[in-house]
Amino acid sequence: MTMHQPGAKHTKRISKFLSLVLRHRPEKINLNLDSAGWADIDELIAKAKSHGTLELTPETIAHVVATNDKQRFSISQDGSRIRANQGHSIDIELGLEPQVPPAVLYHGTASRFLKSIDSQGLTKRSRQHVHLSAEVGTATTVGSRHGVPVVLTVDAHAMHADGHEFFRSDNGVWITDHVPPRYFSW
Ligand code: HQG
């Protein structure tokens, strides 16, 4: 028998639900996350069901994780836990090691934020980190989510040389704490 997998629309709905409870609002279904953001998959399934939110199975979760366009989620090696790779607003410690970034990184934003960004630098806003991309195309897409996109070019080499720490999430997003205005241009 072939295992039935959710269609594209349902897969997206599950992905959005996972982003919500694993990054922002686990309390919505009373889900426990450990300090590194991991949730027990059986508990997630049971609580999503008891809150009438979604019917999930280990197979559909594995499918969503494997096919996710941005590889937003990881399953632990023993298969028992899941977490979001980045993008949290809740306070968790991803436990990543600092890495040497590429010389240049990009940040996509919307034109209406430029004035504020130019005075304060790139700040975390509601998230735990500032998100940067190694590719202009990705940055443009990220910026388009907010309005007319503008891509900032960040001198990651200079930031790193000046002691700023960079981390790379398991899905390849570069993250740091703050990008002061002197390190970017557009
Ligand atoms: C802007 C998505 C005013 C910032 C993406 C952005 C990413 C400022 C917005 C990930 C500012 C925050 C994160 C300042 C920064 N003044 N505006 N000082 N500093 N901003 O969504 O980077 O699809 O929290 O430029 O792919 O857009 O969810 O951050 O426009 O990787 O997996 O404030 O989320 O991934 O917006 O996106 P966000 P982001 P997912």
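Modeller: Thr153 has Ser185, in β9, as its bridge partner. The model is predicted, so local features need pLDDT of at least 70 and side-chain atom pairs pLDDT 80 or more, while totals for chains, interfaces and linings use all residues. Residues are numbered from 1 along each chain as its sequence is written, and side-chain values use heavy atoms, leaving out hydrogens and water.

β9 covers residues 184–185, and two bridges join this strand to β6 in an antiparallel arrangement. Strands are DSSP runs of E with at least two residues, helices are runs of H or I with at least four, and both are numbered from the N terminus. Two strands pair if DSSP finds at least two bridges between them.

β6 (residues 149–155) is also joined to β4 by seven bridges, again antiparallel. Pro149 of β6 is the bridge partner of Ala110, and Val151 is that of Gly108.

The side chains of β6 alternate. β4, residues 104–110, is mostly covered, with six of its seven residues buried.

The protein is divided into domain 1 (8–83) and domain 2 (104–185), with bounds from an automatic or database domain assignment. Their C-alpha centres lie 27 Å apart.

Elsewhere in the chain, three strands form an open antiparallel sheet in the order β1-β3-β2. β1 (39–40) and β2 (73–75) are its edge strands, each pairing on one side only. Three bridges link β2 with β3 (residues 81–84), and Ser74 has Arg83 of β3 as its bridge partner.

Helix α1 (residues 8–24) lies across β1, β2 and β3, at about 85° to β3. Axes are lines fitted to C-alpha atoms, for helices over the stretch in contact, and angles run from 0 to 180 degrees between N-to-C directions. α1 also packs against α3 (residues 58–67) at about 90°, with the axes 10 Å apart. That angle makes the two helices roughly perpendicular (65 to 115 degrees; under 35 is roughly parallel, over 145 roughly antiparallel, and the rest oblique). Thr11, Ile14, Ser15 and Leu18 of α1 meet Thr60, His63, Val64 and Thr67 of α3, where contact means heavy atoms within 4.5 Å.

Key: Buried < 20%, exposed > 50% of the residue type's maximum accessible area, 1.4 Å probe, protein only.
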